[in-house]
Amino acid sequence: MRIDHIRNFCIVAHIDHGKSTLADRLLEATGTLTRREMREQVLDSNELERERGITIKLHAIRMDYTAGDGRKYELNLIDTPGHVDFTYEVSRSLAACEGAVLVVDASQGVQAQTLSNLFLAMDAGLEIIPVLNKIDLPGAEPEKRRDELVDLLGCEPDEVLLVSAKEGKGIPELLERIIAKVPPPEGDPDAPLRALIFDSFYDQYQGAVPSIRVVDGSIRPGMHITFGATRAEYEVDEVGLLRLGRVKQQELSPGDVGYVIAAIKRVSDTKSGDTIIHAEHPETPLLPGYQEVKPMVFSGLYPTDADQYEELRDALEKLKLSDASLNYEPETSTALGFGFRCGFLGLLHMEVVQERLEREFDLDLITTVPNVEYHIVRTDGSRLMIENPTALPDRGSIDEIEEPYVRARIMCPSEYIGNVQKLVHDRRGEYVHMHYLDPTRVEFLYEVPLAEIVLDFYDRLKSSTRGYASLDWEFLEYRPNDLVKLDMLINGDPIDAFSVIIHRDKAYEYGRNMAEKLKELIPRQMFAVAIQAAIGGKIIARESVRAMRKDVTAKCYGGDITRKRKLLEKQKEGKKRMKQVGTVEIPQEAFLAVLQVGD
Amino acid sequence: MIPRHLYVHAPFCARRCSYCDFAVDVAAEPPVEPWAEAVAGELGRVRREEGWSAPLELDTLYVGGGTPSLLGPEAMARLRAGLEGGVDLNGVEEFTAEANPESFTAEVAAGWRRAGVNRLSFGAQTFHAPSLRWMGRLHGPDGPGRAVERARAAGYDNLGLDLIFALPPMLGRDLADDLDRVLALEPEHVSVYGLTVEKGTPLSRWVAERRVELPDEDRYGEEYLLVADRLTAAGYLHYEVSNFALPGRESRHNGAYWRGVPYLGLGNGAHSYVPPRRWWNRRDWSAYRSAVATGEAPRESEEEVSGEAEALERIWLDLRTRSGIALSGLSEPQGALVRTWERHGWAEAAEAAGTLRLTAEGWLLLDRLAVELEGAAEMVARGGPKAADSGLHGAGKRTEETR
C-alpha cells in the first residue's frame, strides 16, 4: 500500500497570527472549498468561537492537491485549538501529524504561544515549516523576524517562507514545501488496527463521532472496535474522510485521517489520545501519550433563580455530550442554594461554558470565585483532594496544604521587564530563567501557583505591558505552602460562596479588599450589615454597610401613582434577583465582584 | 363609580423651575380663554365616553399647575362657567387653587374668593434668597408672607404652604429657620417635599455634571425628621408622608388619591382613576388643546390596575397616610413582618382603630416597606418555600388569607 502520497500536517501559531486565514487560503488553493462555501462554513461554526477569534473545537479537513511534480497528493490539515487551556488536545492533534506549519506574524514576531506550540510540535517529532505571515502589513519586519526564526529553529534563512494569507501571497510555495518536507506517514497496513483519536464531535443523530488518524491496519464498516481507555465495544457503521461535511469511504488505512461512526453515545466515551483497536485483538499495544484530561480550574455555578436548577442540570448534561472536558457535580451552598461545582481545563474554558449556558440555554447564573484543586495532607498521614474551599477540613487535622504550580512562559518587550517581574513576584511566582530573544524582547520562565493565575493574572499582565506580553503555562507539580482558608462573614454568618484558600501573606490584603468591595456592592438594607473577613476564628478586616435611611417617594398625588407604582414594581423585581442570606440581601454583582478583587 | 373629585390642570408658568418636570407651558401671558374652553371641552367628551349623563356631583375641586395664579383674577370664574352643566359644584366642600406668591395679587385673591375658592396652596419652598434664585423661583423671601396677608385680608381661612427640603448643602439653606418662618405665618396646612432629581430637568444635568451635589440619605433623613418634629410640636398632624395640617384641615381632595376613590383629571397631563382604569392625558399643552378642539381623544394612554399591581399600589397608598393599613387585612406573615417594624420604631398600631400606621422614621423607608409587605402577602398566596427560609419573615405558616 502506497502511503507516500499522504501528508498530514497542522498549523501552529500564537493567537491572531493568522492561522485561520492561512488555512482558508490552503483550502481555496486546493479547490477544496470555494470562497462561498467557506463563508457558509464560517457562519455555521460556533458563534462564540467567531466572536473571540479563537478555535475552541478542533477541525480536520482533507485536501486533494496536484503538485508541481504532476503527482496527486492527499493533504490532511489538522487544526489545533489556539488556547493554553487545551494544551493536551493540541498535543494529541500534533501526534496525528508528521509536519507542522509554524506561523509567525511578521510584525509581532515569536510569542509565548508560538514557542509553547513549537515545543509541543518538536516533542511530537514533527517537521517544522516556518512561515512569516502578514508580510504585506505596514508594520511588518520580515528580515528581523526571519532572523529570529533562523535563530530559534537553526534553519537556513531561505527555509522561512514569506506569506500573506490575506493577499494569497506565497500559498503555492507553501503547498510545495509541505509536499517536499513533511514526511509521508508510516504504518503497517497488515498489522492489527491502531488509530489515534485526536478529536470528537457530537452529532445529535449519530452521537459522538471521533476524528481519527489510522496508524496501523485499517478500519471499515461492520468491524468491531474497542477503545484502549474504556474498553467498551462498538460496531463500526461508517467511516470516511472530512471535507466540508463527512465523505463516506470503504475503509481508512494507515496514514488516513477521517471519522468513525459507531453509535457512541457521548463525546466523553471517545477520549482524545485514546487508541481505537480491533475488538478481536485486545492485546494490541496502545499508542503512547494518552492522558486522562484533568480539570484545573473549579467554580460553582448556581442559577440566580432557584427555579432554574433543573434547567441548569439539563443544560450541563447537554453540554457534556459535546464537551468531554467539562466536569460537574451537584453541590449545595448555604448562600446560593443548589448548584453545581464544575471543573474546567482553564479560565477560557470556564468562560466559554458559562457563556454557552447563558446564551444557548438562556440561564441566569451566579459563578463563585474560580479556584484550583488543593491536596490536603492530614495529621494522620492521609491525603484529601478538595475542589471547593468550603470542603477544607478542620485546621487541627491538617498537616499541610499543597497547591498546583505551573510553569509559565511570558514574553514581552524588554521595556516591560520591571513590570512583569513585579507582577509575577506579587503573584508568588518563582523566577527560573530569563532570555533575550533579540535586543528588544525577553522570554521569562517562572513557576507560579496556578491559583494566582486563575483570577486575573492575564488581564494584569496585559495591562502592565500595554497589551504586548504573551503568556502560556503548563502544569508542573503540587507544592506545600502556608495556605489558609479565608471566610467572609455577613452579620456574623460565613458566606460559603465567598470563601477562598489563600496564602497567609496575602490573606490580610485580600480580606481587606474583599470587605471594601462588598461594602460598595451590598446596598443599604433595613438594618446595618457587618462585613468581616476571618481566618479561622480571627477577624482580620471589617466594614459595615449602614442601615438604609431613606427610600421614599416624597410626592404622591393623582398624577404620580402609576409612575411611582412602576418604580416599586421594579424594586420588587430587583429584590427577586438578590440572594437572601439570613436577613441580608446580596446582589449578584457581589458574587461576581470577588473575581476582581486583588491588587 | 362616578368621581366626586375633580382636578383641573393649569399648565402655565412664567418660568420653569430648575427641578420641575411637570406638564408646564412657559408663557408670559397665559391663554385663559383657550384653557377654560379646552377643559370644558374635555369634560363634555369624558362624560359622553363614560356615559355620565347627570352632572358630576363634586365634593372637591382642585386647580393645580403650573401656576394657576398666573391666570389672573377672573380665571376661576371663567373655569366654573365652562364646567357649568357638566359638574354640580353646590356640594363642594373644598375648592383649592394653587398660587405662587409673586402672581397672587389682591385682585386674584378677591376674584377667586368670589368664584368660590376656599382653600389656597402657596408654593413657598424656602425663605432663603440664594436657594430661591438657584431654584429659579420668581419670588423673594418675603413673597409668601405677603401672599398670606393678602389671602387673609380677602377672607381665606384655609391656607397651605409648600416647603422644600434636602436642598444641596452648598446652598447654605437653614431648614430650621425656614420652619420658624412658616410657623410664624400660621398656615392651616404645610406640605413638605424632599428635592427630587427628575429626568430631563436642569437639575438632573447639573447633578450629572457634578456641579451640584445632593444631600446624602442621612441628611435627607435628618431634615425630614426635623420637619416632622417641629411641625408636630407646633400642633400639626403629620397625616401623610409629606403633609401636615391643623386638626380638621387635612386636604380632602388629596385624601381621595390616597384612599383610592375615583377622581377625574382634566387638562394636559392630568390623570383620572375610575377603578379599575386609570388614564392620563397628553402632557403637551398645545397637543392637548388641539386634540380637544378637533374632537380627538386627548388621552395619552390608560391602564387597568388589578392583581398584584393593585395590591402593591393599595398597600403603598395605605401606608402613606396616618389612617394606615387595616390590621385585619394582613396575612400571618405580614403580621409577623409589621411586628418587626414596630420593634424598630417604624410603625405603631392604633389599637382602637385596628390599624397600623408608619411613624416618621418608617415613612422614610416607605417604598421599601411597601414592597416587603406586599411580598409577604405573595408568599402566602404562593404557599412557597421562600417564606419558610426567610429569617425576616418568620415561620411563614400557610394560611388561606390573601388580600
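Which residues does B:Trp35 touch, not counting residues up to four places away in sequence? In this predicted model, the contacts of B:Trp35 are B:Val8, B:His9, B:Ala10, B:Pro11, B:Phe12, B:Val63, B:Leu71, B:Ala75, B:Leu79 and B:Trp285.

## Nonpolar cores

B:Trp35 belongs to the largest nonpolar core, which holds 111 residues. Together with B:Phe104, B:Trp112, B:Phe122 and B:Trp341, B:Trp35 is one of the residues that touch the most other members. Helix 1 of chain B, residues 32–50, gives the most to this core, contributing seven residues. Because domain 1 (5–259) and domain 2 (308–381) of chain B both give residues to this core, the core lies between them.

As a general background, nonpolar side chains tend to be buried together in soluble globular proteins.

## Composition of the two chains

Chain A has 599 residues, of which 56% count as buried. Its secondary structure consists of 15 helices and 31 strands. Among contacts in chain A with a separation of 6 or more, 70% are accounted for by residues 24 or more positions apart.

Chain B has 403 residues, and buried residues make up 57% of them. There are 15 helices and 19 strands in chain B. Of the contacts in chain B between residues at least 6 apart in sequence, 70% join residues at least 24 apart.

## Interface between chain B and chain A

The interface brings 47 residues of chain B into contact with 33 residues of chain A. About 3,900 Å² of area is buried between the two chains, and carbon and sulfur atoms give 57% of it. On the side of chain B, the residues that lose the most area to chain A are B:Glu217, B:Trp316 and B:Arg368, which together represent 17% of what that side buries.

Polar interactions also cross this interface: the rule finds 12 salt bridges and 27 residue pairs in polar contact, with both residues at pLDDT 80 or more. Several elements of chain B give two or more residues to the side that touches chain A, among them strand 10 (189–194), helix 8 (217–233), helix 9 (252–259) and helix 11 (307–320). Helix 14 of chain B gives the most to that side, with eight residues.

## The surroundings of B:Asp21

B:Asp21 is found in the loop between strand 2 (12–13) and strand 3 (25–26) of chain B. A salt bridge links B:Asp21 to A:Arg563, with the closest N and O atoms 4.0 Å apart. B:Asp21 has a relative accessible area of 18% and therefore counts as buried, the cut-off being under 20%.

Not counting residues up to four places away in sequence, B:Asp21 touches A:Arg563 together with B:Arg16, B:Glu198, B:Lys199, B:Thr201 and B:Arg283.

## Helix 9 of chain B

Helix 9 of chain B is mostly covered, with six of its eight residues buried. These buried residues are B:His253, B:Asn254, B:Gly255, B:Ala256, B:Tyr257 and B:Trp258.

At the start of helix 9 of chain B, a side-chain oxygen of B:Ser251 comes to within 3.1 Å of the backbone nitrogen of B:Asn254. B:Gly260 follows the helix and has a positive phi, near 85 degrees.

## Backbone geometry

Two cis peptide bonds in chain B deserve mention. One joins B:Gly65 and B:Gly66, with omega about 20 degrees; B:Gly66 is placed in the loop between strand 5 (60–65) and helix 2 (75–83) of chain B. Another joins B:Pro275 and B:Pro276, with omega about 5 degrees, and B:Pro276 is found in the loop between strand 14 (271–274) and strand 15 of chain B.

A:Arg428 is not a glycine, yet its phi is positive, about 60 degrees. This residue is found in the loop between helix 10 (417–426) and strand 22 (430–438) of chain A, and A:Arg428 counts as buried at 16% relative accessibility. B:Arg210 likewise has a positive phi of about 60 degrees without being a glycine. The loop that holds B:Arg210 runs between helix 7 (202–208) and helix 8 of chain B. With a relative accessibility of 77%, B:Arg210 counts as exposed.

Technical notes:
Residues numbered from 1 in each chain as written. Chains lettered and ligands numbered in written order. Heavy atoms only, no water. Core = buried A, V, L, I, M, F, W, Y, C linked by side-chain atoms within 4.5 Å. Buried < 20%, exposed > 50% of the residue type's maximum accessible area, 1.4 Å probe, protein only. Helix = DSSP H or I, 4+ residues; strand = E, 2+ residues; numbered from the N terminus. Domains from an automatic or database assignment. Contact = heavy atoms within 4.5 Å. Buried area = accessible area lost by both parts, 1.4 Å probe. Salt bridge = Lys/Arg side-chain N within 4 Å of Asp/Glu carboxyl O. Polar contact = N/O pair within 3.5 Å; in protein donor to acceptor, adjacent residues only side chain to side chain.
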